[in-house]
Amino acid sequence: MSGHTEGTDAGASGGTGNSGAAGGNVRLLDEALAQARAENRAALVGYLPAGFPTVDGGIAACTALLESGCDVVEVGLPHSDPVMDGPVIQTADTIALEGGVRIADVLRTVREAHAATGKPVLVMTYWNPVDRYGAERFAEELAAAGGAGCILPDLPVEESEGWRKAAEHAGLGTVFVVAPSSQDARLARITAAGSGFVYAASLMGVTGTRESVGAEARELVERVRSTTDLPVCVGLGVSNPVQAAEVAAFADGVIVGSAFVKRLLDADTLAAGLDEVRQLAADLAEGVRR
């Protein structure tokens, strides 16, 4: 992937690179998704970028999501060329990059959010920063921080073996993203390589809140389920409890990102933003239980 990673590769020793440290938490992710299924509901997966609005503010916000109803949180690694992210998340990424966020800060966000809640925390990142940092090093340090895995939306499954081996060795899941345009044979190849869950992008396009999530998502989930026993979580577009309930009716998990980011962007203070994301998480958690 082209694009540069200012603010994500320089000066980024995570301080946790003690190889052989505590293994990653993919099992915790599996347990959280299984627990939601046992409760006859979809899991709620929240997303926020690290370093936004500040590193400490981002840690507080991720922790707030997990304390207020999210079963899992994805911590975004801010990138200068976010091909999958819409304007809301791009704005947050820009704020984080201009604030000087580093991979060390992403790992610290994972570590502190997980330590505060005991819940599974993933990193969502484009491949370029991980490739620059070193796949084995990144996997080891993410595992040592208590991370459960990594979502890599732009890493082709054909080029993923090196990362997958490093992740498996470290006890991390590797979540791939599938889209409505994916052919059935390719879906099977992707789901066979993944672990944790499958991220089903509900429609073609970039992240952002939408008026409706659409029938494409339900059809995609059915197609994915015909290829794998992994849970299928749907993202892109969900912003309110009604939509969360709609998606929860056919998916194993509901992923919400832009709606949380927008609440923080629109708030006058961090405290007000944290109140807003707590309320939204609680409302969405109620939605996935309908």
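Predicted model: local features only at pLDDT ≥ 70, side-chain atom pairs only at ≥ 80, totals over all residues.

My notes below go helix by helix and end with a serine.

Entry 1, α8 and α9. I looked up how helix α8 (residues 184-193) sits on helix α9 (residues 215-225), and got an angle of about 65° with the axes 9 Å apart. The crossing of the two, α8 and α9, comes out right-handed. On the α8 side I find D184, L187 and T191 making the contact, and on the α9 side L220, R223 and V224. Sorted by class, that contact of α8 with α9 has three nonpolar, one polar and two charged residues.

Which of its residues are buried? I noted G273, L274, V277, L280, A281, L284, A285, G287 and V288. Looking down the axis of α12, I see these buried residues fall within an arc of 150°, so they line one face of the helix. As for partners, the buried residues of α12 pack against β1 (43-49), α2 (55-67), α10 (241-248), β9 (253-256) and α11 (258-266).

I found S195 in the loop between α8 and β7 (198-201). Leaving aside neighbours within four places in sequence, I list L172, G173, T174, V175 and L230 as contacts of S195. I also checked R164: S195 and R164 are 31 residues apart in sequence and 9.4 Å apart in space, C-alpha to C-alpha.

Notes
Residues numbered from 1 in each chain as written. Heavy atoms only, no water. Axes fitted to C-alpha atoms, helices over the stretch in contact; angles between N-to-C directions. Helix = DSSP H or I, 4+ residues; strand = E, 2+ residues; numbered from the N terminus. Left-handed = near helix turned anticlockwise from the far one by under 90°. Contact = heavy atoms within 4.5 Å. Nonpolar A, V, L, I, M, F, W, Y, C, P; charged D, E, K, R; others polar. Buried < 20%, exposed > 50% of the residue type's maximum accessible area, 1.4 Å probe, protein only. Arc of directions from axis to C-beta.
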